[in-house]
Amino acid sequence: MAACEKAKADKETELSTAKATLDQTQTSLENANSEKTAADQAKVDADKELEAAKSLKANADQLQANAESNLAKVQDAAKTSREQIAKGSLGYFEQNGSDAALHVFEDTAYNKYTKVGEAKDATSLENMKASLEYIKKCNELRKKLYALKETENIVFVHEIGKRKTPLQKSIETLESYLNRLKKYNQQIHICAERNSYSKTDHDATFMRMKEDAMGNGQLKPAYNLQHGVDFEYITWLTIGPQPTDTTTLIPFLKDAQEHLKFKYKNITADAGYVSEKTIYKCEDCNGCPYKSEYIKGNNCKAPLEERTKTLQVAKTFLKHRKEDLDRILSEEGILFRTNRSIQAEGSFGDLKQDMQFRRYLSKGNANVLAESIACHGKKHKQTT
């Protein structure tokens, strides 16, 4: 009986333990379900946020694409504007569709003398605006003068013995000024970067020539002829408007390099092709005890009290002076210099002395260049 009681008690204890475990498991299950529900809700919220983020990214990408497209358009417009501005007045007339004005730029009689849009050129915007301002003022004055003519019933006279009224003289003077302005603009257009040109040959520039018996310089329209000589053969020649040789060497070499199939390793030229100076000017020389000693030049119109000392220094020359001196005094340098004086100067001697060539018979860069080539070809044919 006691054994049955004990077994019953043990069963009840096990049952109680099983119920407690079941209750605990039920509670854990409920907690897990609650956590699952919360996790599912968090997942739904995260998916919504992800969709919202994707939508924001798509909008941002679209905005970026629109911004890049607008930036490209703005850059293209800015580039086009810069190109139009660089063309000067030509770009202005192109922008406004002024066909009549564009026809002037296409005129072959003048467009070869100008560099369209450059600051010093007649086609620059600043020069055009200045000209238009003068023309505007002149036209306003013309309107006033012609209006005064109508109100006063003044009749202009042109016959001999007729006395012109002050109003007619003023209008005729103003008209002459306008005609001069047009003439000056045309002359500036032809002159371009040069300081002169010949009226009979617009490509020719006035240069100082040593032709009289005393060797005095005379200004005459001329061309700057450059020779490139190799083994007594002229391998290249150019025609230019430069009155001196200082700016001709590099353009000559570039032109030869573009057309010849070979390149020269060594180039020999005289000192006339180089000009490099840095100018230093004293701001105030007043009170300097040495002023009268270091400021020379008695032909200067300014009085000594208003003059200041100016120094000219060739920095590049001083920097490379020893190296250059060693090079030209070497055996190779002496050989190059000797050959230069014989060949380069000799080619011009053939023209001037042997052929007595003193004047070009043609006009214009192209014709003068062709005449130069023909003269050298004739000389070569005679010598061979």
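Which residues do ring pairs link into a cluster? Select Tyr 223, Phe 357 and Tyr 360, and you have them on screen.

Before going on, note that this is a predicted model, where local features need pLDDT of at least 70, side-chain atom pairs count only at pLDDT 80 or more, and totals for chains, interfaces and linings use all residues. Residues are numbered from 1 along each chain as its sequence is written, and side-chain values use heavy atoms, with hydrogens and water left out.

Rings of Phe, Tyr and Trp (its six-membered ring) pair if their centres lie within 6.5 Å; planes under 30 degrees apart are stacked, over 60 edge-to-face, and the rest tilted. That rule gives three aromatic pairs here. Zoom in on one of them, Tyr 223 with Tyr 360: it's edge-to-face, 6.2 Å centre to centre, with 85° between the planes.

Next, pick Phe 262 and Tyr 264, another edge-to-face pair, 5.3 Å centre to centre and 85° between the planes.

Now colour by accessibility (buried is under 20% relative accessible area, exposed over 50%, partly exposed in between, with a 1.4 Å probe and protein chains only). Tyr 223 counts as buried because its relative accessibility is 12%. Tyr 360, at 24%, counts as partly exposed, as does Phe 262 at 43%.
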